[in-house]
Amino acid sequence: MNILIRDNYEEMSKTAAQLIAKLVRDKPNCVLGLATGSTPIGTYKELIRMHKEEGLDFSQVRTFNLDEYLGLGMDLNKPYELDQSYARFMYEEFFKHINIKPENTLVPDGLTKDPYAYCKWYEEQIAAAGGIDLQLLGLGRDGHWGFNEPGSSLASRTRVVALHQKTIDDNYESFFKKTGLSKDEMPKFAITMGIGTILEAHSAIMIVNGAHKADIVAQAIEGPVTAQVTASAMHLYQGDLTIVLDQAAAAKLQNYKHYLHVENLMRESCFL
Ligand code: GLP
């Protein structure tokens, strides 16, 4: 597990984008696992810049998204701010700006008639693609990956989950408020990859920024492995995990200086 601490959100985003771009160049037909939320927007912006200015080619890349609200699906007839589906987010913030084939992008279908069969199918699609080469992850304020809320099994698979009130509050403030919906009208359920699904990705990057995440970052990275902070499952992960934080999100890490020292040492020794 590498922990990289950057000065600010822009630098965090650039570092994450560089790691993703390296894989896309090394393995043009790679499978990416993607995330939504305010955190990855800068990473997507930088990847879009690399596509436009440096010719970063997504024509053979396949993607699977972590999650989607149950009951929501992309509706291009609506203005973006009124369509809060994660499918629309991915289209607006990333896919429509790059040369990825729409048929190579899969976001869980929040409008599926049979969510249980769909979740099984989604897992089968990931397996059929050969698994996820690199999973991008954010961190919810209650310590979740995807929508794996406190109490989710650390072996869980893609499934339907009920959202935690903290998640509803956060996502209402960041996204839904501008639609004119009241908090009560927000989706209360979602489809999410499970923690067990995420742990099978061949490599992963977690990005976190902001002082409001500093406590949960410290719990996830330096606290015990617990289903109450599902991202703490990172300590069970067998692939390469790179955590990229801005200084504000890293501020409460007890071993902050150690992580900086390790990064310098690794860089000097050409391990990074
Ligand atoms: C949602 C998503 C998560 C994301 C989290 C953090 O709950 N399902 O995948 O990590 O929000 O969002 P933000 O980046 O806006 O803080």
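A polar contact of 2.6 Å links the side chain of E222 to that of Y259. The model is predicted.

E222 belongs to helix 7, which spans residues 214-222. Is E222 buried, partly exposed or exposed? Its relative accessible area is 26%. Buried means under 20% and exposed means over 50%, so E222 counts as partly exposed.

Which residues does E222 touch beyond its neighbours within four places in sequence? They are V217, K252, L253, Q254, N255 and Y259. Take L253: 31 residues separate it from E222 in sequence, yet the two C-alpha atoms are 7.2 Å apart. Y259, also on the contact list, is the partner in the 2.6 Å side-chain polar contact.

Now the ligand. It sits in the second largest pocket. There are 14 residues around the ligand. S38, T39, D67, H144 and K213 come nearest.

| Residue | Protein atom | Ligand atom | Distance |
|---|---|---|---|
| L139 | polar backbone atom | oxygen | 3.4 Å |
| G146 | backbone N or O | nitrogen | 3.0 Å |
| K213 | polar side-chain atom | oxygen | 2.7 Å |

How much of the ligand's accessible area does the protein cover? On its own, the ligand has 390 Å² of accessible area, and the protein covers 94% of that.

How values were computed. Residues are numbered from 1 along each chain as its sequence is written. This is a predicted model: local features need pLDDT of at least 70, side-chain atom pairs count only at pLDDT 80 or more; totals for chains, interfaces and linings use all residues. Side-chain values use heavy atoms; hydrogens and water are left out. Helices (H or I, at least four residues) and strands (E, at least two) are DSSP runs, numbered from the N terminus. Buried means under 20% relative accessible area, exposed over 50%, partly exposed in between (1.4 Å probe, protein chains only). Contact means heavy atoms within 4.5 Å. A polar contact is a pair of N or O atoms within 3.5 Å; within protein, one must be able to donate a hydrogen and the other to accept it, and residues adjacent in sequence count only if both atoms are side-chain atoms. A residue is near a molecule or strand if one of its heavy atoms lies within 4 Å of it. Accessible areas come from the Shrake-Rupley method with a 1.4 Å probe; for residues, only the protein chains shown count as cover. On a 1 Å grid over the protein atoms alone, a cavity is a set of points where a 1.4 Å probe fits but cannot get out, and a pocket is an open set with protein on both sides within 12 Å along at least five of seven lines; lining residues have an atom within 4 Å of a point. A molecule sits in a cavity or pocket if more than half of its atoms lie within 2 Å of its grid points.
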